[in-house]
Structures are given as C-alpha cells and as structure tokens.
Amino acid sequence: MHPEAPSTTPAAAAASGGLTPEALYERLAARRFIFAGPCALESLELALDTAHAVREAAEAAGLFAVFKSSWDKANRTSLDGFRGPGLARGMEWLARIKQETGLPVVTDIHEPEQAKPVAEVADVLQIPAFLCRQTSLLLAAAQTGRVVNVKKGQFVAPWDMAPALDKLRSTGNRRILLTERGASFGYNNLVVDFRSLPIMQGFGVPVVFDATHSVQLPGGKGASSGGDRSFVPMLSRAAVAAGVDGVFLETHPDPDHALCDGPNSWPLDRLAPLLRDFAALWSLPYAS
C-alpha cells in the first residue's frame, strides 16, 4: 500500500493558470506539450521575452507550453561556467514570469533541501540526468506534491528507470514524467535510441523527449560542452512521430552568445515553425 499523495502548502497549491498539480499533470498526460526556454536564467528581461515568445508560438500551434529555465546549472564542465542567478533571485524571476505570462514553469533541483523552496514557485520539479538515481533527492521532490520530471541518465538503460519510479511512487505521488535525453556513445557524444520512448511509456507515465540536450557533445569544447543544433528538428520530429508525449527544447534569442548550452539551443525566431511541425505530426492517426 502506498501512502496518501502528498499535499502542497497553501502557497504552492495551484499551478499557473489556475491549474492544481493534479490538473496540470492530467494536461501533460494528454500529450501535445512542450517545455521550452533558455538553458539558464541569464536575466529577467531575456527570460520574460523568451517566455512570451514561447507562449505565442505554442498557442499558434495549439500546443500546451511550460516555461523552462534553470536558476543554477550545478553541473558545469568548467569552474568558470555560468551557473545562473541563484535560488532567491531565481525564484523571484520565475514567479514574475508565471505572473506575467500565465505559463507553468519547470526548473531543476540538485539537493534535497532545495525541493521545498523551489516547489513554492515551480510547477514541475526536474531531476537532472546525472542525479536520476539519487534516492534522497527523488524522495524530497516527490514529497512536495508537485509534478516531478526525471531525466534518464546518459548511463542508464530505459528499463532501469523503473527503480527511480518506485522511489517516487513510494511517497504516494503519481505525478511523474520521464525524459529521454540520449545515451553516452564513446567520448563526447550522445545517441538517441527511440525504443526508449515506448519502453518508458510502458511504465504508465508520460515521456518527454529532450531535443536539444540530445544533440549536445558533453565536454566537446574542452572547457565547455559543444553541440550541433542542426539535428534538433530531425530528432524532435522523429520523437513526435514515434508517439512521445511532449518535447523539451532549450531556446534562446541569440544562441551563439548564450551563457549556457548555446551550441545546442534552438533559435527563438525559428521556434514557431518547428512547433507547427510537431502539431501536424501529433494530429496524424495511427493504425492500431
């Protein structure tokens, strides 16, 4: 027997747009959604401009959007890598973005004690790929009652995400997503095995495809990671055609000058046509 689903605090009871965590999860489970935004919160102005553009592009394509950005990028290749504004300012900015755009927001946590304060603002708590097996972190995230998105580690087979789900579900929280973001293939390279999408959907949870981290070249530039954004459309369209529930995209108005993950970020001014492609593919009927 699992315990009762954890409740949220009054301050965190409702998601953006009046959606409770349960209603938000139901909306995500209905498919046709995107998580999109810059890798890290570089400035409030840039984040707000990007969030408004994401909402406009998603609405035009008939897709549900969640704004994504990180207040702290703890896993940087170099000590000098840009990490973000930190917890206090990051939550202030995300709260402002929610208020002004009406979009739910998703952001990462890296340590168990971060779960509660981040859940006061974020509608979806995201577990980074390298931390997908960290038991205390998974439990702390699930105990907030928020939707939890776990990125499958680059070193983990899709069927080996079942224990992570067991950890989360032990709290009574069933509002769980899993994300495919490529698997390590030799040095500084990732490949995507699209079989992982239906395998993880077989666990009874919605699955997201991370289109931009899947084209990353980890550590490929020595002091930072590289990437090749030219493959983003092909991989993301393939995932949608394969029946994935949602797509994760890092997007930036000037990727070549982004402070984090620029080489694999998708240009914001090219987001709308890509989302129209997703909508068209999601609308195709498939023979059973």
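**Before you start**

This is a predicted model, in which local features need pLDDT of at least 70 and side-chain atom pairs count only at pLDDT 80 or more, while totals for chains, interfaces and linings use all residues. Residues are numbered from 1 along each chain as its sequence is written, and side-chain values use heavy atoms, with hydrogens and water left out.

Helices (H or I, at least four residues) and strands (E, at least two) are DSSP runs numbered from the N terminus. Buried means under 20% relative accessible area, exposed over 50%, and partly exposed in between (1.4 Å probe, protein chains only).

**Stop 1: helix α1**

Select residues 21-29, which form helix α1. Which residues of α1 are buried? They are Pro21, Leu24, Tyr25 and Leu28. Look down the axis of α1 and these buried residues fall within an arc of 100°, so they line one face of the helix; the arc is that of the directions from the helix axis to the C-beta atoms. Now show the neighbours: the buried residues of α1 pack against β1, β2 (64-68), β4, β5 and β6, where contact means heavy atoms within 4.5 Å.

Next, step to Arg31, which follows α1 and lies in the loop between α1 and β1. Its phi is near 75°, a positive value in a residue other than glycine. Arg31 is partly exposed, at 29% relative accessibility.

**Stop 2: helix α9**

Select residues 271-282 for helix α9. With 12 residues at 1.5 Å a residue, α9 should span 16 Å, and its end C-alpha atoms are 17 Å apart, which agrees; the expected span is 1.5 Å times one less than the number of residues. Colour Leu271, Leu274, Leu275, Phe278, Ala279 and Trp282, the buried residues of α9. They cover an arc of only 145° around the axis, which puts them on the same side of α9. Among the elements covering them are β1 (33-37), α2 (44-61) and α8 (232-241).

**Stop 3: salt bridges**

Side chains of opposite charge can pair when their charged atoms come close. A salt bridge here is a side-chain nitrogen of Lys or Arg within 4 Å of a carboxyl oxygen of Asp or Glu, and the count comes to 12 salt bridges.

- Show Glu22 and Arg175, whose side chains meet at 3.3 Å, N to O. Glu22 is in helix α1 and Arg175 in the loop between α6 (162-169) and β6 (176-180), 153 residues apart. Glu22 is partly exposed at 39%, whereas Arg175 is buried at 7%.
- Move to Arg96 and Glu100, a salt bridge of 2.3 Å, N to O. Both lie in helix α3 (residues 87-101), 4 residues apart, about one turn of the helix.
- Then pick Asp210 and Lys151, which meet at 2.6 Å, N to O. Asp210 lies in strand β9 (residues 207-210) and Lys151 in strand β5 (residues 147-151), so the pair ties together parts 59 residues apart in sequence. Asp210 is buried at 0%, and Lys151 is buried at 5%.
- Finally, select Lys98, Asp123 and Arg146 together to see a network of salt bridges.

**Stop 4: aromatic pairs**

Rings of Phe, Tyr and Trp (its six-membered ring) pair if their centres lie within 6.5 Å; planes under 30 degrees apart count as stacked, over 60 as edge-to-face and the rest as tilted. How many aromatic pairs does a search of the whole structure find? There are 4. In one of them, the ring centres of Phe130 and Phe155 are 6.3 Å apart with planes at 15°, so the pair is stacked. Phe130 lies in the loop between β4 (124-127) and α5 (135-143) and Phe155 in the loop between β5 and α6, so the pair ties together parts 25 residues apart in sequence. Phe130 is partly exposed at 49%, and Phe155 is partly exposed at 46%.

Phe278 and Trp282 are 4 residues apart in the helix, about one turn.

**Last stop: Asn188**

Select Asn188 in the loop between β7 (183-184) and β8 (190-191). Asn188 has a positive phi of about 55° although it is not a glycine, and at 38% relative accessibility it counts as partly exposed.
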